[in-house]
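Colleague: I have not seen this model before. Would you take me through it, giving the ground for each term as you use it?

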Amino acid sequence: MAIRSSTAVWKGSSREGSGTLRLGSGLFEGPYDWRSRFEEGATTNPEELIAAAHAGCFSMALASDLTKAGHVPTRIETKAEVLMDESKTITGVALETTAQVPGIDEKTFQEIAEGAKMGCPVSKALRALDITLTARLA
């Protein structure tokens, strides 16, 4: 069983304080604060990291599913947007992917992309949210 971890250190009040997020691998460590979460700031935030995780997970799941179906992709680029409402509740994720897949037809691609959306582990973890997908062939 795989276990992945990250850490957060926070100092001060929620609005005036700040913190640091560090991936367990050590490949990323960066500051975060109130302004970057709920306004427009220059640091990272937990929601941005959720979006990165979802984009990465979906892209890998799509590559796997396409390959299993005999359509090896040459490139997949996915953008994920984590949506928050006024009450600071995460309400959904919008996935937008563009893939280069030689020899695949549109219908098959859409079916496989939808399956990858439902099957990727991060989508499963976020299943309480509304997850939308816009998938395009390049």
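Modeller: One rule is needed at the outset: two strands are said to pair if DSSP finds at least two bridges between them. An instance of a bridge is K11, whose partner in β2 is S18. Please keep in mind that the model is predicted.

Colleague: How do you know that β1 and β2 pair, and in which sense do they run?

Modeller: β1 and β2 are joined by six bridges. The rule asks for at least two, so the count of six between β1 and β2 qualifies them as a pair. The two strands run antiparallel.

Colleague: What makes β2 and β3 a pair?

Modeller: Five bridges link β2, residues 18-23, to β3, again in the antiparallel sense. At least two bridges are required, and therefore β2 and β3 pair as well. Within this pair, L21 has G30 of β3 as its bridge partner. The two strands form a hairpin, with five residues between them. In the turn, G26 has a positive phi of about 80°.

Colleague: Which strands are called the edge strands of this sheet, and on what ground?

Modeller: The sheet is open, has three strands in the order β1-β2-β3, and is paired antiparallel. β1 (6-11) and β3 are the edge strands, since each pairs on one side only. On average, neighbouring strands of this sheet are turned by 20° against each other, direction ignored.

Colleague: How many helices and strands does the whole protein have, and in what pattern?

Modeller: There are four helices and six strands. Along the sequence they follow the pattern β-β-β-α-α-β-β-α-α-β.

Colleague: What is the order of the other sheet, and why are β4 and β6 said to stand at its edges?

Modeller: It is an open sheet of three strands, ordered β4-β5-β6, with mixed pairing. β4 (75-84) and β6 (130-137) each have a single partner strand, so one side of each has no neighbour in the sheet. β4 and β5 (residues 90-100) run antiparallel and are joined by ten bridges. K79 stands opposite E96 in β5.

Colleague: What packs on this sheet?

Modeller: Helix α2, residues 46-68, packs on the sheet and touches β4, β5 and β6. The direction of α2 makes about 145° with that of β4. Helix α3, residues 106-119, also packs on the sheet, touching β5 and β6. Its direction makes about 150° with that of β6.

Colleague: Why is H54 called buried?

Modeller: H54 lies in helix α2. Its relative accessibility is 0%. Buried means under 20%, so H54 falls in that class. Leaving aside residues up to four places away in sequence, H54 touches A80, V93, L95, C120, V122, S123, L126 and I131.

Colleague: Why is T67 placed in another class?

Modeller: T67 is in helix α2 too, but its relative accessible area is 40%. Partly exposed covers what lies between buried, under 20%, and exposed, over 50%; T67 is therefore partly exposed. With residues up to four places away in sequence again left out, T67 touches V72 and P73.

Colleague: What makes K88 worth a remark?

Modeller: Most residues other than glycine have a negative phi. K88 has a positive phi of about 65° although it is not a glycine. It is located in the loop between β4 and β5. At 38% relative accessibility, K88 is partly exposed, because the value lies between 20% and 50%.

Colleague: How much of the protein is buried by that same cut-off?

Modeller: Of the 138 residues, 31% are buried. The accessible surface comes to about 8700 Å², and carbon and sulfur atoms account for 53% of that.

Definitions and conventions: Residues numbered from 1 in each chain as written. Predicted model: local features only at pLDDT ≥ 70, side-chain atom pairs only at ≥ 80, totals over all residues. Heavy atoms only, no water. Buried < 20%, exposed > 50% of the residue type's maximum accessible area, 1.4 Å probe, protein only. Areas by Shrake-Rupley, 256 points an atom, 1.4 Å probe, with all protein chains shown as cover. Contact = heavy atoms within 4.5 Å. Axes fitted to C-alpha atoms, helices over the stretch in contact; angles between N-to-C directions.
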